[in-house]
Amino acid sequence: PNGLSAADARAEAARAYELDRAHVFHSWSAQAEISPMTITASAGSYVWDGDGKRLLDFSSQMVNTNIGHQHPKVVEAIAAQAAKLCTVAPHHANDARSEAARLITTHTPAGLDKVFFTNGGADAVEHAVRMAKLHTGRPKVLSRYRSYHGGTDTAVALTGDPRRWATDSGTRGVVHFFGPFLYRSQFHAETQQQECERALAHLEQVVAMEGSGTIAAIILESVPGTAGIMVPPPGYLTGVREICDRHGIVFIADEVMAGFGRTGRWFAFEHGDVTPDLITFAKGVNSGYVPLGGVVINTAIAETFAHRAYPGGLTYSGHPLATAAAVATIRAMEDEQIVENAATIGAEVIGPGLRELADRHPSVGEVRGVGVFWAVELVADRATREPLAPYGSSSPAMTETIAACKSAGLLPFANYNRIHVVPPCTVTADEARAGLEILDRALDVADRHVTGER
Ligand code: PMP
């Protein structure tokens, strides 16, 4: 698909790999222990590796190519913007940025109509937290365990999963609480309703013990993503909203991964019927074709900075190429009913298909999700729910299962003891079924580790 002969494509990929190993320093990795897959081309739901092999991309790379790979309207918009105007300082106005901000806010609730652009998700979180602290004059931020908010200092401190451990500098003012997760309930709950009630009572206690007047914000992924795709029970988000309202706390919805169609709605908080005060976004806003993130700000918080300078900025805030890509992405998502497709595929193909796999495979503890946002949680023992890999690391069983997916032509998103099924929102029913068939066979590998039949 990239126009090269098979031999030339292989030679180019081999050179890319060699230079990568010589000069590229990779994220979250022991540099000498990795062997990155070379990606040479992509289209729609597929990517091609260095051997010219096609893989169904059930990772959407970093769960961001919601519109699929190389969408022609977005590629064209970037090229047209590049020909017209490549860069502009953040303090000037620009049509691509203005239109992107307008379009984004047509999909946010009334009262959230100002956008601060960043380069990605972590800096969106940094700025949302800074805005909340300055708006309230309070020092603390609460976030849940089993969450991810980014790799920069405050964002990683807010993160509630093992990626925080190695870099945690004990950032002042960060407090963690437990969110609802029935499969591994901290509250000894047996139903979603109990889990919801007890998780809210726990949060209320944390707020009381910390001193509600010291808490600037509660930040939550509306549906936690890399930490395990735990769709909150009905009533949880409205309960959090109510706690925030009662104590003057800013509610930040981190929609970096769940936003822009991933859950079958434009924003995942829509499932919970709540209106956040600040929304962080990135990834799906332009499907990652050019780096972009941001914060959508409500009127009250925007007012704080009406006659008081907002202390913060980025050289590339609202970069023309990135925002032109966002405009084209959002328009294509509207015109081609891509969000609706994500909802339908989740409800009709992926959800039922995964539940059926869970019934048949002893290694599957639970499947859960919504839209094109699903987690398959693998366990060594269904009765005890012991994970198939320890929290924060992998295991031979997981590594071999993921390798089986890849060798059969499926690229999944894997984290610890979970395989995430997160294809582009544009995935077709046939592609989704084909991916689940490969996953089905790969899970036999995990089963053999669990049952001891090797
Ligand atoms: N928040 C959430 C919910 C995320 O999933 C991520 C990225 N996975 C981030 C923040 C950080 O985004 P970025 O990697 O673009 O900094």
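In this predicted model, the buried residues of helix α12 are Ala-397, Met-398, Thr-401, Ile-402 and Cys-405. Around the helix axis they cover an arc of only 125°, which puts them on the same side of α12. The other side of α12 carries the exposed residues Pro-396, Ala-403 and Ser-407. The cover over the buried residues of α12 includes β12, β14 (410-415) and α13 (429-451). After α12 comes Gly-409, which has a positive phi near 100°.

**Helix dimensions**

| Helix | Residues | Length | Span, first to last C-alpha | Expected span at 1.5 Å a residue |
|---|---|---|---|---|
| α3 | 72-84 | 13 residues | 18 Å | 18 Å |
| α7 | 192-210 | 19 residues | 27 Å | 27 Å |
| α12 | 396-407 | twelve residues | 16 Å | 16 Å |

In α7, the buried positions are Glu-195, Cys-196, Ala-199, Leu-200, Leu-203 and Val-207. These residues are placed on the same side of α7, because the arc they cover around the axis is only 125°. Their packing partners are β6 (174-177), β7 and α8. Ala-201, Gln-205, Ala-208 and Met-209 are exposed on the face of α7 turned away from its buried side. Just after this helix, Gly-211 adopts a positive phi of about 95°.

Helix α3 has Val-74, Ala-77 and Gln-81 as its buried residues. Viewed down the axis of α3, they fall within an arc of 60°, so they line one face of the helix. The elements they pack against are α4 (95-106) and α10 (320-335). Exposed on the other side of α3 are Pro-72, Glu-76, Ala-79, Ala-80 and Ala-83.

**Domains and the contact between them**

The chain is divided into domain 1, made of residues 6-70 and 337-451, and domain 2, made of residues 72-335. Taken over C-alpha atoms, the centres of domain 1 and domain 2 are 25 Å apart. Domain 1 contributes 32 residues to the contact, and domain 2 contributes 30 residues. On the side of domain 1 that touches domain 2, two or more residues come from each of α2 (60-63), α11 (338-360), β11 (364-370), β12 (373-381) and β15 (418-421). That side of domain 1 consists of 15 nonpolar, twelve polar and five charged residues.

In soluble globular proteins, nonpolar side chains tend to be buried together. The largest nonpolar core here has 125 residues, and those with the most contacts inside it are Ala-217, Leu-278 and Ala-325. Helix α10 supplies the largest share of this core, nine residues. The core lies between domain 1 and domain 2, because both domains give residues to it.

Ala-217 illustrates how one of these core residues is surrounded. Apart from neighbours within four places in sequence, Ala-217 is in contact with Val-129, Ala-132, Val-141, Ile-249, Val-250 and Ile-252.

Val-421 lies in strand β15. This residue counts as buried because it has 28 C-beta neighbours inside 10 Å, where the cut-off is 20 or more. Residues up to four places away in sequence aside, Val-421 touches Phe-58, Ile-350, Leu-354, Trp-374, Val-376 and Pro-412. From Val-421 to Ala-9 the C-alpha distance is 29 Å, and the two residues are 412 residues apart in sequence.

Most residues other than glycine have a negative phi. Ile-229 has a positive phi, near 50°, and Ser-287 has a positive phi near 55°. Ile-229 is located in the loop between β7 (215-221) and α8 (236-247). Ser-287 is found in the loop between β9 (278-281) and β10 (293-298). Ile-229 is buried, with 28 other C-beta atoms within 10 Å. Ser-287 is also buried, with 31 other C-beta atoms within 10 Å.

Note on methods:
Residues numbered from 1 in each chain as written. Predicted model: local features only at pLDDT ≥ 70, side-chain atom pairs only at ≥ 80, totals over all residues. Domains from an automatic or database assignment. Contact = placed C-beta atoms within 7 Å. Helix = DSSP H or I, 4+ residues; strand = E, 2+ residues; numbered from the N terminus. Nonpolar A, V, L, I, M, F, W, Y, C, P; charged D, E, K, R; others polar. Expected span 1.5 Å × (residues − 1). Buried ≥ 20, exposed ≤ 12 C-beta atoms within 10 Å, placed from the backbone. Arc of directions from axis to C-beta. Core = buried A, V, L, I, M, F, W, Y, C linked by C-beta atoms within 7 Å.
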